[in-house]
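Biologist: I have a structure to read. Please walk me through it, feature by feature.

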Amino acid sequence: MSDQNTGPAKKPIGELLQSANRTFLYFILFLVVSLSLVVTQIRKVEVPTRPEAYTIEAYKILRNVPPGGVVIVDTGFTNSSRGENGGQMEALLRILMRSGAKFAVLSWVEPQCIEIARGFIRTINEERKAAGEAPYREWEDYLILGFFPDGPTMLQTVHQNVREAWKTRQATDPSTGEKKSVFESPVLRNVQRIEDVYAYVTLSASGTMPTIVARIGKQVKVISMITGVMFPEQLNYYKSGQLKGLVNGLSGCVELEWLMEKGIDAAGVVGGDAPGKPVAAAFKGAKNFDRGMAYYLALHSALTLLILAVAVGNVGMWLTNRSKKR
Amino acid sequence: MIPLAQATQPLSFWQAEPGSAKMWALIVGAVVVGFVAVAALLRTPTRVRPMIVSAVTFLGGLYFVLHWLWPTAQDYSPDEVPRNAVEGFSFWLQGTLPSVTAFAQSLGAMLLGIGIYSLLSIHLGRLLKRQKDWFFSLVFTLSMASMILFGYWDWITRLTPEGAKAASETPSLFPHFAKDLLFSGLFINMDAVMFSIIAFFIFSAAYRAFRIRSTESTILLGTALIVMLGLMGGVVVSQDTLLNSLAKPGESVIVDSLRLPTIRTWIQDNLQSPSIRAMEFGLAIGGLAMALRLWLSIEKGVSH
């Protein structure tokens, strides 16, 4: 008996291309994404992007909050979507703090969202201290309104009377050490109605935005910062004018960072230098590219790998079909 | 309009200053009343219980339906005098909303408590009876207990201004360090890892399942390709630069139509968004029907 008959039969190339080992696929993805992250960190790679109209609108609103203007930050994301919402939150905080805006943080999705938001505020404050800027102070510059177990009814009351909705919420006045109503703080002192708030920004990985738009969408500019998965659903609300700005996942986060770096000139051109007051100025010389840009090359690599993998599988199927026909 | 000097709204009977004796008394009272109500409900005849649940559900739903449908004043103020019965009822609806909201917040918080009770009863039971996978229940119980212990310890030490200052200036203080280690050091990263694992499954599944076997799958694959390429800013800008060498934007309709953002926006505006809009309309109508069934206790499993 010859060895030829007992040896394992060689798989045709078409079948080989279709049957890559799962562990091998996982390893390749891990390797490519990790390398992309390392390369971005070492070489400070800046992948170019072209901001979408909805991101530009969001930036225009946020960049033009007057000093002392109040923004409500409705945080509804946990660490599972930190890759997308985390970068958006950091960019949002940088824009608000650099513009001198005041903001109040609340959540009605999960109790841990507030703790996560506190972590991001701490990080950006540390960054400001390192850059020689004054850190944002709780009570004076920002407030933590806390967690609301039933968001829809809270928002219904905000629609009717914001002071009624948050009247039991307190924060510590550092000058006296006393717990006081949040409406005594410089942040909300002048807010009598929700219309007095400049913008309401929701950061979420789920469909919480329609609940907000349905209740207070006509009274305040609502901006939504969401994950890429939720984006198509929310685009309809932007198209209908119910949302004033939209930031789409990681690519939206990079677009926001890009706009912070390049700005929008008087002619409305991103990165342009038309004379006159810019529509939304850039933050020249400040740290604008961060988490979004850090992950952007990895997103490119992962998507390219995905396209290649699908192409390889299809070529394999085509070769197999061709050999069968023969 | 509320005067500027009026910084805080007066509290209703159902509300109290956080940390005050009245607040604790209300909490204890609510828990006692809650237990009594549940005990009373358990003692009522079985055939009467669904009727009580249905009546409470109906009244709860009716309040919000009326709040939505009844004409309401635009700038309602509690000291206004109604001109007629319709306006009087409208004022009552608007005036009671904060109390109803406070009640809803309390109910929501109680649900969190019920969730914790449910988890503990399952896992402690499994642990004490040494059932299958009891070790995981032990890990869960210990993790939960330590997070609660150090979370509250940290929170209590931060309550005073001195404590808050000490916590921000000396992060190595034990309760802060322990809480940070558990939350920021372990929980945040494990949560992120759990979610990122999905990328591996998607990658493997796309490789195995995305095949051009029919016209429909070809259209799907082509669309997915364009959307994926459109998400890659580097590709979009490179393609733009290449096409700009043929014709500047606005100079040639054909060249402009080949730009990735143009194709992607066309797909989004003409195919994706209308489809999702249609689905959302369908879901909303379904949701309305389901809400009606729940409100009127027609849905089986709610009151039966």
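**Sheet and interface**

Modeller: Start with one bridge: Ser107(A) is partnered with Phe147(A) in β3(A). This is a predicted model, where local features need pLDDT of at least 70, side-chain atom pairs count only at pLDDT 80 or more, and totals for chains, interfaces and linings use all residues. Residues are numbered from 1 along each chain as written, chains are lettered from A and ligands numbered from 1 in written order, and side-chain values use heavy atoms, without hydrogens and water.

Biologist: How many bridges join strand β2 of chain A to β3(A)?

Modeller: Strands of a sheet pair through backbone hydrogen bonds, parallel or antiparallel. Here five bridges join β2 (residues 102-107) to β3(A), and the two run parallel. Pairing takes at least two DSSP bridges. Strands are DSSP runs (E, at least two residues), as are helices (H or I, at least four), numbered from the N terminus.

Biologist: In what order do the strands of the open sheet in chain A lie?

Modeller: The order of the six is β3-β2-β1-β6-β7-β8, with parallel pairing. At the edges, β3 (142-147) and β8 (245-248) of chain A each pair on one side only.

Biologist: How is the size of an interface given?

Modeller: Often as the accessible area lost when the parts come together. Chains A and B bury about 6200 Å² between them, 60% of it on carbon and sulfur atoms. That area uses a 1.4 Å probe and is summed over both parts.

Biologist: How many salt bridges are counted between chain A and chain B?

Modeller: Four. Each needs a side-chain nitrogen of Lys or Arg within 4 Å of a carboxyl oxygen of Asp or Glu. Lys239(A) forms one with Asp269(B), with the closest N and O atoms 2.9 Å apart.

Conventions. Buried area is the accessible area (1.4 Å probe) that two parts lose on being put together, summed over both.
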